[in-house]
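Good morning, everyone. Please bring up the sequence and the structure, and we will walk through the side-chain contacts together.

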Amino acid sequence: MKYVLLFGGTREAQQAWDTMPDDVRQQAYTRVEQWFRENGSKITGGYQLQSPGTATTVRLDGNGGSMVTDGPFIEGNEVIGGYAEIEVGDLDEALRMARTWPGGGIVEIRPVVAR
Amino acid sequence: MDTVTANAALAAVFREEAARLTALLVRILGDFDVAEDIVQDALVVALERWPREGIPDQPGAWLLTVARRRAIDKLRRDVRYHEKLAQLDQPERSASDDRLRLIFTCCHPALSREAQVALTLRTVCGFTPDEIAAAFLTSEATIAQRLVRARRKIRAAAIPYRIPDAGELNERLGEVLAVLYLMFNEGYLTSAGEQPERRDLAEEAEWLAALLLRLMPTEPEVMGLSALIRLHRARARSRFDAEGRLVLLRDQDRSQWDRPAIAAAADLVVTASRLRRPGPYQLQAAIIACHAESPSWERTDWLQIFLLYQTLLAHDPSPVVRLNRAIALRYVSGPEAALRDVDTLREALGRYHLYHATRAELLRELGRLTEARHADAAALQLTANPAERALLEQRL
């Protein structure tokens, strides 16, 4: 079963991350890297994303027209910070992985459409 | 056999066998929708024939034979047709009861509480969607939609059909117990609607708790919930007067209580406590047992009840538990101390009718009658339950 784990958090948490001292951020990175290493056999892809300030959103009107805006499309206070594609047996296994995510914040587990 | 007895016997067999059959079919077919459809069809056939021909000696085997015929039609296009059919012919007895897996899957935390309840009633208790709708005062379409969405999620997100590992068991069992407790509460005293008490849901919750206890005989919280439900139901007859008004515990006719049932449930609470893994359901059951075993309202052991609430607060620090502790405090330290405690809950419980009803009683005892009337009026505005409304109106 393939799922995507979407790692999210609040804007404040994102800003805190961006402005934290280098050595503190490095420690946090080390924990995240360790999580990726420990779960390496189940992870098939994924990236950390650059901050939401770098996002550009294109809205399509369905008639060939489009509108481009600055910023991410999710409204409200939550932002996506990255994602990982995983291959595990079932939702319980995905839940176990998500529960040990050292990045804090929110993890959304979405099964992918199999084709 | 008269019709009522026959129907009751039929209902009991259905309840015992339908879930067993559904659980078996889900395991073999790996599909909730198909399994439920087949069981539903088999039950319809049984409903036609059993009243005429009598309930067969092995109703489970009888139903499986009918279900097998239906399954063949449904399975024709399945790639694993022969393999699945072979399993239906000689169903392998799984090490544990399949129903336990079914219960854990229906109560998976990835499903909303509403979906968990609807799915449990549908697949474990064999309720039809319109029976569930009637129990929760919503439309059949809403329930059908809820069930469709839940089953779709089970399939699409690969929610597993199994009993959780030891490491997850406590948390997952907590979900199951919460579903049963909600079901029981909804049945025991509904929050809206014409009938003040829907016996069916409460009875179903009692049966489910007993089933869970049979399947997990060494889990103290399962014992606690089962005892809690039995203790409430053993006193159900004295809860309403002839006009359908709620009778307060203080005024209930204790001679109507089912003493043997109370004693058995109280024994279960003691057995659970010997396992030394206390929890909120055991503590609540212990509190209710104190009331149920007391010969009269006057001789209630309030200090013990107060201390049990104190312990319960450590497990469940909710304002409702604090409100109940304050009521016990009234009989330990007097109405003034209790009112002081209750008044600290205004912000948390301002929308809860029993907060106002409790304040009203304490104020009346202290001779502050105008304030008491205001509090009763506030309580009346916040509840839709006809039996509770009747009681409050009488006071005003």
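Let's start at one residue. B:Asp165 has a relative accessible area of 40%, so B:Asp165 is partly exposed. Keep in mind that this is a predicted model.

What does B:Asp165 meet in a salt bridge? The partner is A:Arg96, at 3.8 Å from N to O. Now look at where the two sit. A:Arg96 lies in helix α3 of chain A, residues 91–99. B:Asp165 lies in the loop between α8 and α9 of chain B, so this pair joins two chains. And A:Arg96 itself? A:Arg96 is partly exposed, because its relative accessible area is 35%.

That takes us to the interface. The size of an interface is often given as the accessible area lost when the parts come together. Here, chain A and chain B bury about 810 Å² between them. Of that area, 46% is on carbon and sulfur atoms. Nine residues of chain A take part in the contact, and 12 residues of chain B.

How many salt bridges does the rule find across the interface of chain A and chain B? Six. Here is another pair with one partner in each chain. B:Arg162 forms a salt bridge with A:Asp92, and their closest N and O atoms are 3.2 Å apart.

Next, salt bridges in general. Side chains of opposite charge can pair when their charged atoms come close. Over all chains, the count comes to 33 salt bridges.

Take one inside chain A. The side chains of A:Lys2 and A:Glu87 meet at 3.3 Å, N to O. A:Lys2 is in strand β1, residues 2–10, and A:Glu87 is in strand β5, residues 78–87. A:Lys2 counts as partly exposed because its relative accessibility is 38%. A:Glu87 is at 37%, so A:Glu87 also counts as partly exposed.

Now one inside chain B. B:Asp33 forms a salt bridge with B:Arg155, with the closest N and O atoms 3.4 Å apart. This pair links distant parts of the chain: B:Asp33 is in helix α2, B:Arg155 is in helix α8, and 122 residues separate them. B:Asp33 has a relative accessibility of 27%, so B:Asp33 counts as partly exposed. B:Arg155 is at 48%, and therefore also counts as partly exposed.

Some salt bridges share partners. Which residues do they join into one network? B:Glu16, B:Glu17, B:Arg20, B:Arg99 and B:Arg214.

On to the aromatic rings. A pair of aromatic rings is described by the distance of the centres and the angle of the planes. The count comes to 12 aromatic pairs over all chains.

One of them is B:Phe32 with B:Tyr161. Their centres are 6.4 Å apart, with 80° between the planes. That makes the pair edge-to-face. B:Phe32 is in helix α2 of chain B, residues 32–53. B:Tyr161 is in the loop between α8 and α9, 129 residues away. Why does B:Phe32 count as buried? Because its relative accessibility is 7%. B:Tyr161 is buried too, because its relative accessible area is 17%; the cut-off for buried is under 20%.

Another pair is B:Trp302 with B:Tyr331. This one is stacked: 4.3 Å centre to centre, 20° between the planes. B:Trp302 belongs to helix α14, residues 302–315, and B:Tyr331 to helix α15, residues 319–333. They are 29 residues apart. Here the two partners fall into separate classes. B:Trp302 is at 10% relative accessibility, so B:Trp302 counts as buried. B:Tyr331 has a relative accessible area of 27%, so B:Tyr331 is partly exposed.

Stay with B:Tyr331 for a moment. The charged end of B:Arg330 sits over its ring, 4.7 Å from the centre. Elsewhere in chain B, the charged end of B:Arg235 sits over the ring of B:Trp257, at 5.3 Å from the ring centre.

A:Phe7, A:Trp35, A:Phe36 and A:Trp101 form one cluster.

Last, the domains of chain B. The assignment gives domain 1 as 1–93 and domain 2 as 301–396. How far apart do their C-alpha centres lie? They lie 49 Å apart.

Methods:
Residues are numbered from 1 along each chain as its sequence is written. Chains are lettered from A and ligands numbered from 1 in the order in which they are written. This is a predicted model: local features need pLDDT of at least 70, side-chain atom pairs count only at pLDDT 80 or more; totals for chains, interfaces and linings use all residues. Side-chain values use heavy atoms; hydrogens and water are left out. Rings of Phe, Tyr and Trp (its six-membered ring) pair if their centres lie within 6.5 Å; planes under 30 degrees apart count as stacked, over 60 as edge-to-face and the rest as tilted. Helices (H or I, at least four residues) and strands (E, at least two) are DSSP runs, numbered from the N terminus. Buried means under 20% relative accessible area, exposed over 50%, partly exposed in between (1.4 Å probe, protein chains only). A charge sits over a ring if NZ of Lys or CZ of Arg is within 6 Å of the ring centre and within 35 degrees of the ring normal. A salt bridge is a side-chain nitrogen of Lys or Arg within 4 Å of a carboxyl oxygen of Asp or Glu. Domain bounds come from an automatic or database domain assignment. Contact means heavy atoms within 4.5 Å. Buried area is the accessible area (1.4 Å probe) that two parts lose on being put together, summed over both.
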